[in-house]
Amino acid sequence: MQASESRYEAFLEKLSRERLRRDLTEIAAREARTLEVCGRTYVNLASNDYLALRFHEALIERACAWAREFGTGSGASRLVTGNLELFRQIEQKVAALKNKPAALVMASGFQANAGVLKALFDKQVLGADPLVFSDRLNHASMHFGCQAAGVAQIRYRHLDAGHLADLLDRHATHQRPKFILTESVFSMDGDIAPIPQIAKLAREHGAMLVVDDAHATGILGEGGRGLSQGADVVIGTFSKALGSFGAYVACSDTMRDYLVNRCGALIYSTALPPQVLGAIDAALDLLPTLDAERARVADLSAHFRREAHGLGYDTAGSSTQIVPVVAGTAEDALRMSEALREAGFWATAIRPPTVPQGTSRVRCVFTAAHGPEDVDELLAALEASASRLAEAASN
């Protein structure tokens, strides 16, 4: 074994000792509510398919139809020959959804955040090092984009608009370009950023506000518009509530043109294939008709939070379809996840570095495929788990 590989092996062994090692689990899923692992069926509480659209017949039909008509691949990047005529109508629909003049479809959410932020913070274009104010719990892809651009973030306390205001005031005399980065809904806590307050601060300080609206688009806001109103640039995905794959940027015409010319993640990536574009297009058409599904998900989530609190569980600041059950240590989260699997629920243990030390949790996600009976049975499993832990502690 090469010396370098032995170091990687030692790193993996350390992760195993700390209960932080991750492994890929093969699953089978043929409908939105459940999945199968090793022949056993579980209620799926780990999916971001909030509206249960990935098995919706309209998405499947359009994906198949567009694949038959336009083939199974785009053949090139969008600046070569991959800019299929299909992109135009999708980008017009996204721009309308986000109330922006323009939009740009990209390959994935991580790629969009990383590539767009790197382009936005280009020091050669800006003529100076930008000042980037960032919620400390922003998604890893946003931190990656800042790192790729060589930006040292000025991080404000999670969801704390007052702290952000203080930091902006402290830098008020600086003439360097200013940016504010936040998610609308945070994927590990299920809480919501005070976007109206942050947008007001951005206007007052001449800062560009960039919002990752991935976990709100489709499922929250009027008609599923998300929670990004007031942002200058909105980044999100089609892989969550919209049930497909890919990402978008909604912005001004100037920003769209700039990204086409400067965003390496777009310039050097093969364009999305027709079948994926077909599913995206169908999902965008469905969104205005899904108010009942959005309301059901909100009701299920609220009921679970209320009852979980009654059992003594901490659900962090969740007010959305994402409800973490905070366990504490990585070992505690793994133990809770395993107890839920024994009861027939697939809910993933989330551990550092994805979340801060001491806040490992089981992340429960509610979708339009779930029903009240799923929530009640999940609560019963958590109650039984709490009783077992209390009994073990007393012994």
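1. Start with the sheet. Seven strands, 7 in number, form an open sheet in the order β3-β9-β8-β7-β6-β4-β5. The pairing is mixed. The edges are β3 (102–106) and β5 (154–156), and each of these pairs on one side only. Neighbouring strands are turned against each other by 20 degrees on average, with direction ignored. Bear in mind that this is a predicted model.

2. Next, look at β7 and β8. These two strands run parallel and pair over 3 bridges. Val 210 has Val 233, in β8, as its bridge partner.

3. Helix α9 (residues 253–262) lies across β3, β7, β8 and β9. Helix α9 runs at about 30 degrees to β3.

4. Now go to one residue, Ser 228. Where does Ser 228 lie? Its place is the loop between β7 (207–212) and β8 (233–237).

5. Is Ser 228 buried or exposed? Its relative accessibility is 6%. Buried means under 20%, so Ser 228 counts as buried.

6. Which residues does Ser 228 touch? Leaving out residues up to four places away in sequence, Ser 228 touches Lys 98, Ile 195, Val 211, Asp 213 and Val 234. With Asp 213 there is also a polar contact: the two side chains are joined at 3.3 Å.

Conventions: Residues numbered from 1 in each chain as written. Predicted model: local features only at pLDDT ≥ 70, side-chain atom pairs only at ≥ 80, totals over all residues. Heavy atoms only, no water. Helix = DSSP H or I, 4+ residues; strand = E, 2+ residues; numbered from the N terminus. Buried < 20%, exposed > 50% of the residue type's maximum accessible area, 1.4 Å probe, protein only. Polar contact = N/O pair within 3.5 Å; in protein donor to acceptor, adjacent residues only side chain to side chain. Contact = heavy atoms within 4.5 Å. Pairing = 2+ DSSP bridges. Axes fitted to C-alpha atoms, helices over the stretch in contact; angles between N-to-C directions.
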